[in-house]
Amino acid sequence: MISCSAPGKIYLFGEHAVVYGETAIGCAIELRTRVRVELCDSIIIQSEIGQTGIDFEKHPYISAAIEKIKEIVPIEGVYLKVDSEIPVGSGLSSSAAVTIASIGALNKLFGCGLSLEEIAKMGHEIEVQVQGAASPTDTYVSTFGGVVTIPDRRKLKTPDCGIVIGDTGVFASTKELVTNVRKLRETYPHLIEPLMVVIGRISKTAEPFFQTGDYSSIGKLMNVNQGLLDALGVNTYELSKLIYSSRGAGAFGAKSTGGGGGGCMVALTAPDKCTQVAEAIAGAGGKAIITKPTEQGLRLE
């Protein structure tokens, strides 16, 4: 049996603006999806959704991963079991994590010899196949871990602090939110285009603070970034409650992550304040998850 895991991802800075070529900063987090594989007489996929064979309705990413590996080596049968700590559809890159962990485990089991770069590329191809469009960022960060600037993929120093995630439990369509922001930009280009530039500038301003470990300044810039996301119309009352409760409980900074409109927010927090920030999020109606940044991407377990 082979077991591999891959991490989820948060945006510390720059979502939505990154769509227009501006700089963003993504961070792998120690919430992982684990995939175990072993030889079997037939193809079986097991997850919390249920047990299937190749099934592009229930298990689209895993099914696509198996089909991709079958292009390299013949697969007569494999049993693949998924366990994940990452909430689905919450802006934490759950699809990238399950895709990369599946490719990684199958790559080892069948001796395909794929490099990490090739695994990340294949993962992106699968996300495009399943979703119709996808950024290579999620699968790249899930494969390589750490804190990464986008689109130039430079590694920054990983923060030595806590991350507290607050899940609103509200589903939001990233595609729909990106479309709404695009329409706003087309209607008021003289206002929205400069906002995108400023969001990108916030990411660049934050970069040296990662190297020096100035988490207070990173947090302040996260708060500024959130204000501009609010201006773009992707904030919600539910997210705001969790964000402001986190700040009030002593987080360095807090903002939404991903498309917005629901899903999750993230708070950058000193290790000794994670519990009180998590309690504040729970008190404001969110589901709190305490985690931390991780330098480890895809790993064999």
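Me: Leaving aside its neighbours within four places in sequence, which residues is S93 in contact with?
Reply: The model is a predicted one. S93 sits in the loop between β5 and α2, and at 10% relative accessibility it counts as buried. With neighbours within four places in sequence set aside, the residues in contact with S93 are G8, K9 and D138.

Me: With which side chains does the side chain of S93 make a polar contact, and at what distance?
Reply: The cut-off for a polar contact is 3.5 Å between N or O atoms. Another goes to the side chain of D138, at 3.3 Å.

Me: How many disulfides does the structure hold?
Reply: A disulfide needs two cysteine sulfur atoms within 2.5 Å. For C27, the nearest cysteine sulfur belongs to C161 and is 8.1 Å away, so C27 is in no disulfide. For C264, the closest cysteine sulfur is that of C27 at 14 Å, which is too far for a bond. The number of disulfides in the structure is 0.

Me: Is C264 buried or exposed?
Reply: The cut-off for buried is under 20% relative accessible area. C27 has a relative accessible area of 0% and is buried. C264 has a relative accessible area of 0%, so its class is buried.

Me: Which side chain is joined to that of E125 by a polar contact?
Reply: E125 lies in helix α3 and, at 31% relative accessibility, counts as partly exposed. Its C-alpha atom is 8.5 Å from that of P136, which is 11 residues away along the chain. The polar contact of E125 has a length of 2.8 Å, and the side chain at its other end is that of K121.

Me: Which strands are the edge strands of the open sheet of 4 strands?
Reply: The strand order in this sheet is β9-β10-β8-β11, with antiparallel pairing. An edge strand pairs on one side only. From one strand to the next, the twist averages 20°. The edge strands are β9 (253–256) and β11 (287–291).

Me: Which residue in β11 is the bridge partner of D167?
Reply: Strand β8 covers residues 162–167 and pairs with β11 in the antiparallel sense, over 5 bridges. D167 belongs to one of these bridges, and its partner in β11 is K287.

Me: At what angle to β8 does helix α9 run?
Reply: Helix α9 is formed by residues 274–283. It lies across three strands, β8, β10 (264–269) and β11. Its angle to β8 is about 10°.

Me: Why does the aromatic pair of F13 and F210 tie together parts that are apart in sequence, and how far apart are they?
Reply: The whole structure has 3 aromatic pairs. In the pair of F13 and F210, the centres are 6.5 Å apart with 85° between the planes, an edge-to-face arrangement. F13 and F210 are both buried. F13 lies in strand β1 (residues 2–13) and F210 in helix α6 (residues 189–212), so the parts tied together are apart in sequence by 197 residues.

Me: Is the peptide bond from I150 to P151 cis or trans?
Reply: Most peptide bonds are trans. P151 is in the loop between β6 (147–150) and β7 (155–156). Omega for the bond from I150 to P151 is near 10°, and the bond is cis.

Me: What is the phi of R153?
Reply: Most residues other than glycine have a negative phi. R153 is found in the loop between β6 and β7, and with 34% relative accessibility it counts as partly exposed. R153 is not a glycine, yet its phi is positive, at about 60°.

Me: What is the phi of H16?
Reply: H16 is placed in the loop between β1 and β2 (24–39). At 6% relative accessibility, H16 counts as buried. It is not a glycine, but it has a positive phi of about 70°.

Conventions:
Residues are numbered from 1 along each chain as its sequence is written. This is a predicted model: local features need pLDDT of at least 70, side-chain atom pairs count only at pLDDT 80 or more; totals for chains, interfaces and linings use all residues. Side-chain values use heavy atoms; hydrogens and water are left out. Buried means under 20% relative accessible area, exposed over 50%, partly exposed in between (1.4 Å probe, protein chains only). Helices (H or I, at least four residues) and strands (E, at least two) are DSSP runs, numbered from the N terminus. A polar contact is a pair of N or O atoms within 3.5 Å; within protein, one must be able to donate a hydrogen and the other to accept it, and residues adjacent in sequence count only if both atoms are side-chain atoms. Two strands pair if DSSP finds at least two bridges between them. Axes are lines fitted to C-alpha atoms, for helices over the stretch in contact, and angles run from 0 to 180 degrees between N-to-C directions. Contact means heavy atoms within 4.5 Å. Rings of Phe, Tyr and Trp (its six-membered ring) pair if their centres lie within 6.5 Å; planes under 30 degrees apart count as stacked, over 60 as edge-to-face and the rest as tilted.
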